[in-house]
Amino acid sequence: MSQGFRLKDVGLINRDKKISFKFNERIYYGYEGDTLASALIANGVHLVGRSFKYHRPRGFFGVGVDEPYAVVQLYRNGETEPNIKATEQELFEGLEAKSVNCWPSVNFDIGAINNFLKIFLPAGFYYKTFMWPKSFWYRVYEPFIRKAAGLGVASIKHDKERYEHKYEYCDLLIAGSGPSGLAAAYTAAKNGAKVILAEDKPRFGGSLLTSEVNIGNQSGKDWAEGIITELKEMPNVIVKNRSQIFGYYDHNMLVMSEKISDHLPKTKKYHPNKKLWYIRAKEVLISSGSIERPIVFGNNDTPGVMLSSAAKEYLKVYGVLVGKNPLVFTNNDSGYETAIEFKKNGVDPVVLDSRKNPESEIIDEAKNLGIKIRFSHVVVAAQGYKKVKSADISSISEDKKRLGKIENIKCDCICVSGFWTPTIHLASQSGNKTKFNEDIDAFVPGISKQNETTLGAANGVFSLEETLKTSFEAGNDLSKKITEKEYKVSVPKVVEKKSSQHDKFWCVPLPKGKNYKRFLDFQNDVAVSDIEIALREGYRSIEHVKRYTTLGMATDQGKTSNLNGLQLVSNIENKVVPAVGHTTFRPPYTPVSIGAIVGREVGKHSKPTRKSPMHFWHEKNNAVFVDAGVWLRPRYYKKGNETLFEASKREAKNVRTNVGVCDVTTLGKIDIKGRDAAEFLNRVYTNAWLKLPIGKARYGVMLREDGIVMDDGTTTRISKNHYHMTTTTAQAANVLSHLEYYLQVVWPELNVNVISTTEQWAGAAIAGPKSRDLLQKLFPKNDVSNKGLPFMGYLDGDLFGIKARIFRISFSGELAYEVNVESDNGIFMWQKIMEIGKEFEIQPYGTEALSTLRIEMGHVAGSELDGRTIPYDNSLEGLLSKKKDFIGKRSLSKNAFVAEDRQKIVGVVPIDKKTNIPEGSHLVKDPNAQLPNIKLGYISASCWSVEFDNPFSLAIIKNGKNMIGQKLFAMSPLKNKIIPVEIVSSHYVDPNGERVRS
Amino acid sequence: MLHIKCPHCGMRSQNEFSYGGDASIKRPELNKEISDQDWDNFVYNRKSLRGKHWELWQHLSGCRQWIKVERDTSTHEIFNTLKANEDISS
């Protein structure tokens, strides 16, 4: 298809490079430098989608971020992305896009039936109609509405693209590269400040690309190009295009999304798709410009109705005519600029100006060019369904309330200008108290909260001369405060046309007997009548009106609709606009890819997976791994076709009969040194620590101040003022922070230092009746006899020339030791243990067997120390010192904690000795009792006892001390199980603890 | 994201820190009688102040020091930061 609306030799596109692309399965051509929107318009395509609610035909309305209609589903390199604005998407070879929200096709859309039923779909319709019967909402109404309404479809595939985050600091961050941004950046950069200049579009220059002005004897465009070229060469300046600053957060931190690959057919190797910049700026200059606002009239959503500034930009930047028979409808001078551009390119426009007889240079120029102008005239309604075919126009009275005789004139587009709305989003997000400027009928920034300054059109200044003057000044003043240098830049001479006052007119009244829809918010189909309903039904606050009608929501966030909505509310309510106020501006200013926000925090969140030094041995020996906090631990070592259950049983049994070895590197380890270390431990742990001899370990429990158990573990006295503490794998980081808190904040007078040594030591637990025989062979130079190394003893060992720490501690309840060596020697230690252990029939065991062993011994672990239990609950009350104070002690005398029937740990065995009891099951007296059935306790951990060859569980149950021998039921509605059980002692195996001391 | 001046390391971003609550709370002395009410006040009861507030933060991914930060809870403005052993009133 030919590009029938493309002008010759106009615009900034590269005509040497023709690009083919697909839209709705059809092939079109455009040029390098086009957007999807400009290329489609060049091909005469104006129907791009269907509206959100009524499925009315939708075309193009804007030319950039303000676009409310033209959102498409984009396909690029095998990926798809929904809700891409065609006006922002740059064209690349092979681009594919489809319309959203229309089925079966954009030309024949079944949902458009809503358009004919629209009398039934006013604001709040869904809320009111679909409320009854209640159950229907979830089953019928909501799924249907969700399918019928809405825009694009998100991909559910894994995103192959890469997204990066970057942190940056600068003196001045400048948002927008229009005249004010360029001027401020230039002076600040000359003063030596570190400057970041961000532009959301591919081309720098903002309004200078399309305005007919002259700066320092050059065209505005050439001046902008010169400044940008100079800035790019300065080492203290970062200049970024395709970069949207979308959020202004606390302490002058702004976030910018840089599109790196979206304009390319395929992301380059090693390049990210987008980069998210977190920028901490000393000063922020907001030069985000302004967005033209529409005038509201009948059927103003018909494809072909668009902003006059957009029509001008399509023409001047892309060399594209939005129509060949244009009608310009304006209330200010901007419309004339568009009309003049049409005329210069051989197209005859008609201008309707709502003003009676305005006078200005530009109107004179239009008159001199012979452009037809009709003053005191308005568009009453656009006619045409899928494209504007004509317009009903009329004269209007001076009070703008009465229309004259309606007349129909042919046109193929209506370019509308209702004056300009400063883009104050960033300023408002920073906490700026905005104020209403009567002269321009819009809000502008007021009093700054953070270090932010708004310049140019964003500040409501529409004269280029004044913009440049204030921006050169602001750039200079703010930067010289920081750099203490000043390089005088003289403000260049500006030639521009002076504008006359705009007309305070924004909505055309309905002609008698006509019921045209007049849309305020084009993306959400919010019409004037919807706002009227909301107010009639009692909504007053603008925030409520917004939520009831959806005015200003969705992907364009009301960039073109908010002010007209406010005007309407204030008119109906007989208030002034500032009294109505505006809704809160919240980040992001434009939609941001979730991928960019997530960055590299995908999968394991860019955190390294921690592996013990023996990990590769485990891998080689068929270990099946399990996540344990940040670590990977062997869960079991699979032999042949073994299941988890079979393997863990075999491993646990071997510990009870021969000897097993378990990798315990992951246990938290904290090195404690200092004169007051013993005193500190005495305060941190619940039991006594002052008299622990050198070379001895002790089991300890630490509490939070509220009396709840925080963690447990053994701590060993290595030398007089040196202790080695172990924590559970999960609590290691919290315990360290806890200790640091008490040492730094509460008891700074204690002379103690703590540091994590978790990763410095590799650990192996050697457990089982044959463990001592093995140990003796591993450490021939050391005396590891029961006398030489008694239970809870410690000694420095010599493992074939390697320094080792040997602790006689046991988690399995068997005779057991823990050997620690420096991490680099971990694999050597492990191989020696396996090699020498062969004659004792050693087998490695994983966390599953480890759990089995501790559960049947009644040793508590994370599932009992779950942040809800006190020492008594875990039968640890014997470790509470009566003589000394410790962290959390005072809380233990609370009534609930000393109640006679306080919960306590018990053992649970199924009566049939066969059925496994699911963890989390509730213990009840009568499984058939009336609901809610009273819960006596819950199963915290379950295993298959290898000692007795039947299931065994631990439970925490009310009045636990008096429950032994009771027959109850374990109920698991999740697993649909009711199991008769008997309560027994939690110490199921070796209740007197003889084995560990043997 | 807040920008917090660690008295040991200088200006750092909030994501290096973890929050530690009201800095004016003093732990009751060890081995001293204390009423239930006073103990509950120490363990549980906190004022949710609007305005200037001294609070504890730990520079977790930095020097690991606990510090005191004077912050306005409604505007997030930070007025002052101190080392853990420095007195708030000074």
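Predicted model: local features only at pLDDT ≥ 70, side-chain atom pairs only at ≥ 80, totals over all residues.

**Terms put to the test**

Mentor: Start with a pair of helices: α5(A) passes α11(A) in a right-handed crossing.

Trainee: At what angle do helix α5 and helix α11 of chain A pack, and how far apart are their axes?

Mentor: Helix α5 (residues 179-190) and helix α11 (residues 464-483) of chain A pack at about 30°, with axes 7 Å apart. Axes are lines fitted to C-alpha atoms, for helices over the stretch in contact, and angles run from 0 to 180 degrees between N-to-C directions. Helices here are DSSP runs of H or I, at least four residues, and strands are runs of E, at least two, numbered from the N terminus.

Trainee: Which residues make the contact of α5(A) with α11(A)?

Mentor: Among them are A:A184 and A:T187 of α5(A), and A:L468 and A:F472 of α11(A). Contact requires C-beta atoms, placed from the backbone, within 7 Å. The residues of this contact divide into 11 nonpolar, seven polar and no charged. Ala, Val, Leu, Ile, Met, Phe, Trp, Tyr, Cys and Pro count as nonpolar, Asp, Glu, Lys and Arg as charged, and the others, Gly among them, as polar.

Trainee: Why is A:A733 called partly exposed?

Mentor: A:A733 has 15 other C-beta atoms within 10 Å. Buried needs 20 or more, exposed 12 or fewer, and partly exposed lies in between, with C-beta atoms placed from the backbone. So A:A733 is partly exposed. A:A733 lies in helix α20 (residues 732-746) of chain A.

Trainee: How many residues of helix α7 of chain A are buried?

Mentor: In helix α7 (residues 308-318) of chain A, 11 of its 11 residues are buried. They include A:K312 and A:E313. The buried residues pack against elements including α8 (334-344) and β24 (413-417) of chain A. A:G319 follows α7(A), with a positive phi near 65°.

Trainee: How many residues of α8(A) are buried?

Mentor: Nine of its 11. A:Y336 and A:F342 are among them. A:G346 follows α8(A), and its phi is positive, near 80°.

Trainee: What makes a nonpolar core?

Mentor: Buried Ala, Val, Leu, Ile, Met, Phe, Trp, Tyr and Cys residues, joined through C-beta atoms within 7 Å. The largest has 157 residues, of which A:I174, A:V195, A:V379 and A:I414 touch the most other members. Apart from it lies another core, of 103 residues, among them A:A652.

Trainee: Why is one side of β11 and of β29 of chain A left without a neighbour in the sheet?

Mentor: The sheet is open, with three antiparallel strands in the order β11-β10-β29 (chain A). β11 (218-219) and β29 (494-495) stand at the edges, each with a single partner strand, so one side of each has no neighbour in the sheet. Pairing takes at least two DSSP bridges between strands, and β10 (residues 214-215) and β11(A) have two.

Note on methods:
Residues numbered from 1 in each chain as written. Chains lettered and ligands numbered in written order. Left-handed = near helix turned anticlockwise from the far one by under 90°. Contact = placed C-beta atoms within 7 Å.
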